[in-house]
Amino acid sequence: MEICSVQHYLDVIESLKSNYTYSVNNVPNIMFGQQTYTPRFIYRGHGNHADYKLIPGIFRWKQISSGHYSSEYSQLEHNILYDFISEACRFMPNISDDNIPEWLEIAQHFGVPTRLLDFAQNPLVALYFACSDLRDVNASVYIINETAYNKIFFEESALVLTAKSQYYVSKIISDEVIRQNYLSHDDPRYIQYPWIYKPYYLEERMNMQSSVFMLWGAQQKELTYFMKPEYWMSNENNSKNKEMGIIYYILIPGNKKAEIIEQLNLCGINEKFIYPGLDGVGRFIKKKYSAR
């Protein structure tokens with residue numbers, strides 16, 4: 001689906017929510033009776049749809065010669081994280097050196113390659129990131145239905161207990177980052193798929209951007225690799241895969257980015273909002289007068 005304005009974008013999201021809301025009659029369950037499942041969407045925007053893959057920075061590949069590619073960072077994942085901790089710990093004295101989940105989130109937040117991928121709960125934040133570079137190339141916002149994703153890949157209900165989420169995060173980090181076991185992980189002992197969770201908002205920027213993380217497990221594949229055809233959502237009213245709709249993307253034409261950024265600014269979504277503090281103020285003033 002291609003959009004040309006903020007309103008059109010929000011209309012598409014509302015249509016998706018309506019299409020993928022469904023009810024189940026629990027006949028044996030007298031207490032609950034009919035239950036309604038409502039999508040819980042998270043969003044990720046990117047400025048160049050054609051070249052973008054939904055995969056964390058630690059697993060990206062680079063071309064070393066014609067037809068030959070090499071993993072850029074994954075073999076050094078443990079080293080990269082601990083090197084960051086050793087350099088950054090003096091700036092974050094309240095975080096224990098062995099609190100690896102929090103350090104992983106902070107590293108991701110400050111541009112260090114990790115096995116995390118950032119999403120936002122606020123769709124306008126994702127749209128801002130898709131359009132903010134203003135390049136004349138098509139952008140996109142990917143939408144993940146967290147409710148259906150957890151049900152299909154983890155057999156979890158609509159509401160995941162905090163303790164269960166923390167277990168998934170701790171196990172993935174222990175198995176994949178700390179222990180550094182490079183043997184085959186294709187067995188049930190290891191968590192295969194990325195896990196979605198909301199971090200503690202240690203930085204105000206994470207709060208303003210409504211950050212959510214997707215933490216990759218044993219399989220170092222891009223997210224779309226896991227998606228069967230029936231997992232792709234449809235914007236049509238007669239969607240047949242209501243219980244399985246997980247993923248969708250909205251396309252933004254390159255020549256509409258500037259107009260959409262202006263509309264977002266009217267909604268209060270701008271550099272001051274996305275990057276709270278002096279950094280954001282500086283970005284906002286620069287863009288304000290550059291536009292003139």
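**Exercise 1.** In this predicted model, find the residue with positive phi that follows helix H8.

*Solution.* Gly268 comes after H8, and its phi is near 85°.

**Exercise 2.** Determine which residues of H8 are buried, how they are placed around the axis, and what covers them.

*Solution.* Step 1: H8 spans residues 257-266, and its buried residues are Lys257, Ile260, Ile261 and Leu264. Step 2: these residues lie on the same side of H8, because the arc they cover around the axis is only 105°. Step 3: the cover over the buried residues of H8 includes helix H1 (6-19), helix H4 (123-131), E7 and strand E10 (247-252).

**Exercise 3.** Classify the crossing of helices H2 and H6 and describe their contact.

*Solution.* Step 1: the axes of H2 (residues 77-88) and H6 (residues 162-178) come within 9 Å and cross at roughly 110°. Step 2: angles of 65 to 115 degrees count as roughly perpendicular, so H2 is roughly perpendicular to H6. Step 3: H2 contributes Glu77, His78, Leu81 and Tyr82, which meet Glu176, Val177 and Ile178 of H6. Step 4: by type, the residues of this contact are four nonpolar, one polar and two charged.

**Exercise 4.** Identify the residues that touch the most other members of the largest nonpolar core, and list the contacts of Leu223.

*Solution.* Step 3: leaving out residues up to four places away in sequence, Leu223 touches Leu54, Ile144, Tyr149, Pro194, Met214 and Trp216. Step 4: a second, separate core of 30 residues includes Leu16, Ala120, Val125 and Tyr248.

How values were computed: Residues are numbered from 1 along each chain as its sequence is written. This is a predicted model: local features need pLDDT of at least 70, side-chain atom pairs count only at pLDDT 80 or more; totals for chains, interfaces and linings use all residues. Side-chain values use heavy atoms; hydrogens and water are left out. Axes are lines fitted to C-alpha atoms, for helices over the stretch in contact, and angles run from 0 to 180 degrees between N-to-C directions. Helices (H or I, at least four residues) and strands (E, at least two) are DSSP runs, numbered from the N terminus. Angles under 35 degrees count as roughly parallel, over 145 as roughly antiparallel, 65 to 115 as roughly perpendicular and the rest as oblique. Contact means heavy atoms within 4.5 Å. Ala, Val, Leu, Ile, Met, Phe, Trp, Tyr, Cys and Pro count as nonpolar, Asp, Glu, Lys and Arg as charged, and the others, Gly among them, as polar. A nonpolar core is a set of buried Ala, Val, Leu, Ile, Met, Phe, Trp, Tyr and Cys residues joined through side-chain atoms within 4.5 Å. Buried means under 20% relative accessible area, exposed over 50%, partly exposed in between (1.4 Å probe, protein chains only). The arc is that of the directions from the helix axis to the C-beta atoms.
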